[in-house]
Amino acid sequence: MIEIKTQHLTKIFEQGNETVNALNDINLEIEEGDIYGVIGMSGAGKSTLVRCLNLLEKPTEGEVYIEGQNLLTLSEDELLKKRRNIGMIFQHFNLLQQKNALENVCFPLYLEGVSKQEAHKKARGLLERVGIADKEKSYPSQLSGGQQQRVAIARALATDPKILLCDEATSALDPQTTASILRLLKGINADLGITIVIITHAMSVIKEICNKVAIVEDGYIVENGEVQEIFANPKTKAAKKLILNELPDEDVAEIKISGVSANVGQ
Ligand SMILES: Nc1ncnc2c1ncn2[C@@H]1O[C@H](COP(=O)(O)OP(=O)(O)OP(=O)(O)O)[C@@H](O)[C@H]1O
Ligand SMILES: [Mg+2]
């Protein structure tokens, strides 16, 4: 089933007399259960693209469908309800600094009118799911980056979303912590069947967990498809630059020698 679909999605920012075409005619289909990577250089339009998927950013033109429902036709109330199906996590975690881990996870539940007792019960289960049950009383400033991102993931899962959007969720973390968060996301995808969209600068993140990838350049999707295919045979200059520049040396050598590599993208 197609979980997320965009049709002719275009976003133009006007600032003073400057016009930025952040997204141009984006046609994307993300299937249920995909871990879909979005990669591109800084300023390419990646964040704008995911922000359009839950209408945090309103498209200038085009449509966004979630499970076949056109978000642009929904009323404000219907959109709020639909957004509960779409969790989001960010590079800088965006936790409430004055609240402990447990209360951070409870926050979206309180917004839904869930009682404190029920919210605590659910939040404790989620903190356990993300591996930090022992930190429920800690405040964000008392947690490492990786632990804060785990709280943010638990909070994003509180409303039982079908989709999780991750904007540079591991960019502030060291390689080891990044690997542990990616394992967690992979587990969430496998166990809960949540469709995940991951924006990243890092090719290694795509390689680690994504099954599909879109390469964004100057507001256009220049290439997209199965990670293995794109990695083995990047066609556009942008894809070649990203893939060949950023892979470890041994992988690059392998691609150059064989043309196709069985190891790349697995
Ligand atoms: N609110 C805004 N007003 C004006 N221009 C904007 C706005 N948000 C983004 N842009 C512009 O749109 C383009 C795409 O920005 P976006 O943040 O989507 O890029 P990105 O690929 O996420 O970059 P990065 O990797 O640095 O996060 C950039 O040229 C940016 O300056
Ligand atoms: Mg961005």
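## Legends to close-up views of a predicted model

**View 1. The shell around ligand 1.** In this predicted model, ligand 1 is surrounded by Phe13, Gln15, Val20, Ala22, Gly40, Ser42, Gly43, Ala44, Gly45, Lys46, Ser47 and Thr48, where a residue is near a molecule if its C-beta atom, placed from the backbone, lies within 6 Å of it. The elements β1, β2 and α1 each supply at least two residues of this shell, and the largest share, 3 residues, comes from α1; helices (H or I, at least four residues) and strands (E, at least two) are DSSP runs, numbered from the N terminus. By class, the shell holds 4 nonpolar, 7 polar and 1 charged residues, with Ala, Val, Leu, Ile, Met, Phe, Trp, Tyr, Cys and Pro counted as nonpolar, Asp, Glu, Lys and Arg as charged, and the others, Gly among them, as polar.

Residues are numbered from 1 along each chain as its sequence is written, while chains are lettered from A and ligands numbered from 1 in the order in which they are written. Local features of the predicted model need pLDDT of at least 70, side-chain atom pairs count only at pLDDT 80 or more, and totals for chains, interfaces and linings use all residues.

View 2. An open sheet is formed by 4 strands in the order β2-β1-β4-β5, with antiparallel pairing; two strands pair if DSSP finds at least two bridges between them. At the edges lie β2 (18-31) and β5 (69-70), each of which pairs on one side only. Strand β4 (residues 61-66) is joined to β5 over 2 bridges in the antiparallel sense, and Ile66 stands opposite Gln69 in β5. Helix α1 (residues 46-53) packs on the sheet, where the helix touches β1 (2-15), β2 and β4, and its direction makes about 60° with that of β2. Axes are lines fitted to C-alpha atoms, for helices over the stretch in contact, and angles run from 0 to 180 degrees between N-to-C directions.

**View 3. The contact between the two domains.** The protein chain is divided into domain 1 (1-85 + 161-226) and domain 2 (99-158), with bounds that come from an automatic or database domain assignment. The contact takes 9 residues from domain 1 and 8 residues from domain 2, two residues being in contact if their C-beta atoms, placed from the backbone, lie within 7 Å. On the side of domain 1 that touches domain 2, helix α6 (residues 175-192) gives the most, with 4 residues, and the residues of that side divide into 7 nonpolar, 2 polar and no charged.
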